[in-house]
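Let's take a walk through this model together, one stop at a time. Keep the sequence and the 3D view side by side as you read.

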Amino acid sequence: MVTDSNRVSEVKIGPPLDERSVKSHYSIQFKFYWPTARPPSFDSRKFNWKHGDYVAMSKHFITIDWHSALNNRHTQDSYTSFLGIFGAAADLFVKRRLPRPAQVKPPWWNQQISSLVRRKRRLFIRKRIKRDDDQLARNHAALCRLVKFTVKMNIIEYEMKLAQTDKKNPKLLYSYMNRRFASKETIAALTDHDDQTVTDRTRICNRLNMFFFSVFKPPT
């Protein structure tokens, strides 16, 4: 009945549901434990520092007793206290905004390719609905070939244009090359202090956090 057996306790078997029948099911009483509050959802919004009420923030900082907040403390403790005060002030006086979506479209992308891709997506949906329609399948296959050919020709034309204007605008060429051949580095495995290879991402993250935290002195 549950995924975690620790959520159920004090199970008691009660009387049968139908006392007149010998083969009746028995009733069961138990206690079910459930968290009272949901964990807070992750807020992906970022501070929009251009739209902040810094006059009110300055007045807020004036009211804080910095002497008692930072004096007679270790440097790390003082810095942690300062970050907490500044973070609370930022939540009060600085607006948040959703992060801007990353530009994932390549530079050779144009309106013609966008139109063909939309047509191909719509045709694919219709083909999935009408699986017995052979004409839709042939049209979808032909459109896929057209999209592939159009993308290839646009890449050739864009790279030819870069080659012709590389002396006038070399940054554009280098930017395209770095974007084309760039590869993101990821940590796939990590060896911990027990010489064991860790491949789970959560364990890798926790191990790195423990290592970086060991640089600082624990708070008093």
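Serine 114 lies in helix H4, which covers residues 111-129. Helices here are DSSP runs of H or I with at least four residues, strands are runs of E with at least two, and both are numbered from the N terminus. Serine 114 is buried, because its relative accessible area is 11%; buried means under 20%, exposed means over 50%, and partly exposed is anything in between, using a 1.4 Å probe and protein chains only. Setting aside its neighbours within four places in sequence, serine 114 is in contact with Lys105 and Trp109, where contact means heavy atoms within 4.5 Å.

A word on the ground rules: this is a predicted model, so local features need pLDDT of at least 70 and side-chain atom pairs count only at pLDDT 80 or more, while totals for chains, interfaces and linings use all residues. Residues are numbered from 1 along each chain as its sequence is written, and side-chain values use heavy atoms, with hydrogens and water left out.

Now hop over to helix H5, residues 134-164, where you'll find histidine 140. Histidine 140 counts as buried because its relative accessible area is 11%. Not counting residues up to four places away in sequence, histidine 140 touches Lys120, Leu123, Phe124 and Lys127. Stay in H5 and look for methionine 153. Methionine 153 is partly exposed, since its relative accessible area is 31%. How far apart in space are leucine 146 and threonine 197, C-alpha to C-alpha? The answer is 48 Å, for a pair 51 residues apart in sequence.

Look for leucine 98 in the loop between strand S4 (94-97) and H4. Leucine 98 is exposed, because its relative accessible area is 57%. Leucine 98 and phenylalanine 47 are 51 residues apart in sequence and 8.7 Å apart in space, C-alpha to C-alpha. Leaving out neighbours within four places in sequence, leucine 98 is in contact with Ser44 and Arg45.

The axes of H1 (residues 54-62) and H3 come within 10 Å and cross at roughly 145°; axes are lines fitted to C-alpha atoms, for helices over the stretch in contact, and angles run from 0 to 180 degrees between N-to-C directions. On the H1 side, Ala56, Met57, His60 and Phe61 meet Ile85, Phe86, Ala89, Ala90, Leu92 and Phe93 in H3.

H3, residues 75-93, also gives the most to a nonpolar patch, with four residues. That surface patch of about 570 Å² is made by Trp49, Tyr54, Tyr79, Phe82, Leu83 and Phe86. Patches are made of residues with over 30% relative accessible area and no salt bridge, joining like charges within 9 Å and nonpolar side chains (Val, Leu, Ile, Met, Phe, Trp, Tyr) within 5 Å; the areas come from the Shrake-Rupley method with a 1.4 Å probe, and for residues only the protein chains shown count as cover. Tyrosine 79 is found in H3, and at 45% relative accessibility tyrosine 79 is partly exposed.

On to charges. Side chains of opposite charge can pair when their charged atoms come close. How many salt bridges does a search of the whole structure find? It finds two, a salt bridge being a side-chain nitrogen of Lys or Arg within 4 Å of a carboxyl oxygen of Asp or Glu. Glutamate 10 forms a salt bridge with lysine 31, their closest N and O atoms being 3.6 Å apart. This pair links distant parts of the chain, with glutamate 10 in strand S1 (residues 8-16) and lysine 31 in strand S2 (residues 26-32), 21 residues apart. Aspartate 91 and arginine 96 also meet through their side chains in a salt bridge, at 3.0 Å from N to O. Aspartate 91 is partly exposed at 47%, and arginine 96 is partly exposed at 30%.

Last stop: aspartate 195, in the loop between strand S5 (190-191) and strand S6 (197-198). Aspartate 195 counts as exposed because its relative accessibility is 68%. Its phi is near 60°, a positive value in a residue other than glycine. Most residues other than glycine have a negative phi.
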